[in-house]
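I am opening a notebook page for this chain. The entries below record what I looked up, in the order I looked.

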Amino acid sequence: MGIFILVDYQNQPVDLELVVNKASELGKVLGGKAYGHWVRYPATVNRFHNLGIELIEVPEDGFTHKNSNDIKIAVDAMEILLTMPIVEIFMLVTGDSDFVPLVRKLKMYNKKVAIVSRRSYTSSILMSVCDFYFPYEDLVKSEKLSDDKTSDVGRENLVSEIAEILKINSIQKPTEEDIKRVLNGLALEPKNYSFRTLDEMVKFVHKEINDSSNGDYEENYQRFVERFICFSQMKYTVETLVEACEKKMPWYPKHSKRKLSLKQLIESMLKEGRLFIGKDGTLNVSAPRRWHIRFQDVQPYPEHRDSFLEEIYKLFNKSDVIGILEAVKSVQLQLNVSKKVANSFAYALKFTGLFTSEDGSDYVSLNMPARLNGSLEDLKRRVEAFYLKRIMRFEVLTQSDFPTVAQYLYGLDPNGSEKLKLIIDFLQSNGEIFVQNSEYIYKNAIFLKNVESETGEEVSDS
């Protein structure tokens, strides 16, 4: 479907890239117009232009120009309706009830209307008359830093897939040319896996497959087992895990140094402590390895965190940067840390609740202009709390888990346990963590939501 976007920027200042991405899920974006007093928003102008959105100037002189904005949007919408029949969906970025008549008129002409806006600034009538409603808060929350394929897991899955194809074709000792033919046949883009060229991708896969067949086969398969458990929606016993792994990636005992069966390999992982059997009798990966696998692109990086946040604070305190991503890129270059480290901190900063947009909303995307409200101590505490809450979304913690959690969050810091206790106390005082039967539970944990959906009852967080 053809989509045209109309943005009432004075009513809803948004990160337009997020809006365009959401619109692209519905169909093809044919164009768009954004209405605002653009002298006030110089940081957004170039980005809007790059997205193919025409900027319509609506001057402000200290008095409200709300009606002028609404009329311009309504007139342009009707002109597009009559002159561009290819447009089938109008996406309006506004929450104003004054647009209800426009929405109804567009629907009379058999057009669909999508609304993007902040929930608290949106008319309930406008929500009810549109065909699609997308809360802007949800778009910000789901903003992605990078494609999953660029992660280590993406590369490892790539190697596993290529190795399996080679085995099916009875190619025991593949050359680079063999691997290149397979990659070309799959039409895979090197850049999607963070490779600059196809040759670089071929050499990486060739080396990984050779390493697997030259003594590292057991270790590589054990890492596969760990990832399989962490990312699976199912729970497994030893027997059911053997069956599931064989279907996903067959095990070849002849490549094993110890000539183990797959069941014996998994049992050896239990003895070594890489796996353990939980209270429910199913297998799990030991912490903190479990957290490193599950959150591979968003780690706490204690060795860089304090210095990174101190520089971020300085930039916002001096108003030297516009938004979070700009600040993060600046500090990344200054401290010479990897993109992966910088991206992890960018993601954490966005969810601290300390940044607000120009309209005062605390739903701030990475690229939009933002202000930092809080001290350096507040910033550090909120970022540490973010990494802790990610763990607690998936599992309950007891005091016996605290030393492992402290090691994960604070590395070798001898005061890690004390710092963890302060974060837990902070989250308890905010009502985000509650204690039940000596277990520490996060109120937004995934398993609590599952209980709500299964029972139809709201789970108390008191």
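Entry: helix α2. I began with helix α2, residues 42-50, and asked which of its residues are buried. They are T44, V45, R47 and F48. I then looked for what covers these buried residues and found that the cover includes α1 (16-26), β2 (28-36) and β3 (53-57). After α2 comes G52, and I noted its positive phi, near 80°.

Entry: confidence and overall figures. I am working with a predicted model, so I checked the pLDDT: the chain average is 87, and 92% of the residues score at least 70. Over residues 451-462 the pLDDT is below 50, and I found 11 contacts in the model for this stretch beyond near neighbours in sequence. I counted 20 helices and 12 strands in the chain. Along the principal axes, the C-alpha atoms fill a box of roughly 80 × 55 × 50 Å. The chain has 462 residues, and 47% of them count as buried. Taking contacts with a separation of 6 or more, I found that 62% are between residues 24 or more positions apart.

Entry: α10 against α12. How do the axes of helix α10 (residues 217-231) and helix α12 (residues 262-272) cross, and within what distance do they come? They cross at roughly 75° and come within 11 Å. I therefore list α10 as roughly perpendicular to α12, as the angle falls in the range of 65 to 115 degrees. On the α10 side I noted E218, Y221, Q222, V225 and E226, which meet L262, L265, S268, M269 and E272 of α12. Sorted by class, this contact has 5 nonpolar, 2 polar and 3 charged residues.

Entry: α10 against α11. The α10 residues Y221, F224, V225, F228 and I229 meet L241, A244, C245, E246 and K248 in α11. By class I found 8 nonpolar and 2 charged residues in the contact of α10 with α11, and no polar ones.

Entry: the buried residues of α11. In helix α11, residues 238-248, I noted V238, L241, V242, A244 and C245 as buried. The buried residues of α11 pack against α10, α12 and β8 (283-285).

Entry: cysteines. How many disulfides does the structure hold? I found 0. For C230, the nearest cysteine sulfur is that of C245, 12 Å away, and C230 is in no disulfide. C230 counts as buried because its relative accessibility is 8%, under the 20% cut-off. C130 also counts as buried, at 9% relative accessibility.

Entry: R274. I located R274 in the loop between α12 and β7 (275-277). Leaving aside neighbours within four places in sequence, the contacts of R274 are E219, Q222, R223, E226, M269, N284, V285 and S286. I also looked up the C-alpha separation of R274 and E303, which are 29 residues apart along the chain, and got 25 Å.

Entry: E143. Is E143 buried or exposed? E143 is buried, because its relative accessible area is 8%, under the 20% cut-off. I placed E143 in the loop between α6 (136-141) and α7 (152-168). Apart from neighbours within four places in sequence, E143 is in contact with D15, L18, Y347, K350, S365, L366 and N367.

Entry: backbone exceptions. Most residues other than glycine have a negative phi, and most peptide bonds are trans, so I searched for departures from both. The peptide bond from A287 to P288 is cis, with omega near 0°. P288 sits in the loop between β8 and α13 (289-294). N437 has a positive phi, near 55°, and S438 has a positive phi, near 65°. I found N437 in the loop between β11 (433-436) and β12 (439-442), and S438 is in the loop between β11 and β12. N437 counts as exposed because its relative accessible area is 71%, over the 50% cut-off. S438 is exposed as well, with a relative accessible area of 55%.

Methods. Residues numbered from 1 in each chain as written. Predicted model: local features only at pLDDT ≥ 70, side-chain atom pairs only at ≥ 80, totals over all residues. Heavy atoms only, no water. Disulfide = S-S within 2.5 Å. Buried < 20%, exposed > 50% of the residue type's maximum accessible area, 1.4 Å probe, protein only. Axes fitted to C-alpha atoms, helices over the stretch in contact; angles between N-to-C directions. Helix = DSSP H or I, 4+ residues; strand = E, 2+ residues; numbered from the N terminus. Parallel < 35°, antiparallel > 145°, perpendicular 65-115°, else oblique. Contact = heavy atoms within 4.5 Å. Nonpolar A, V, L, I, M, F, W, Y, C, P; charged D, E, K, R; others polar. pLDDT = per-residue confidence, 0-100.
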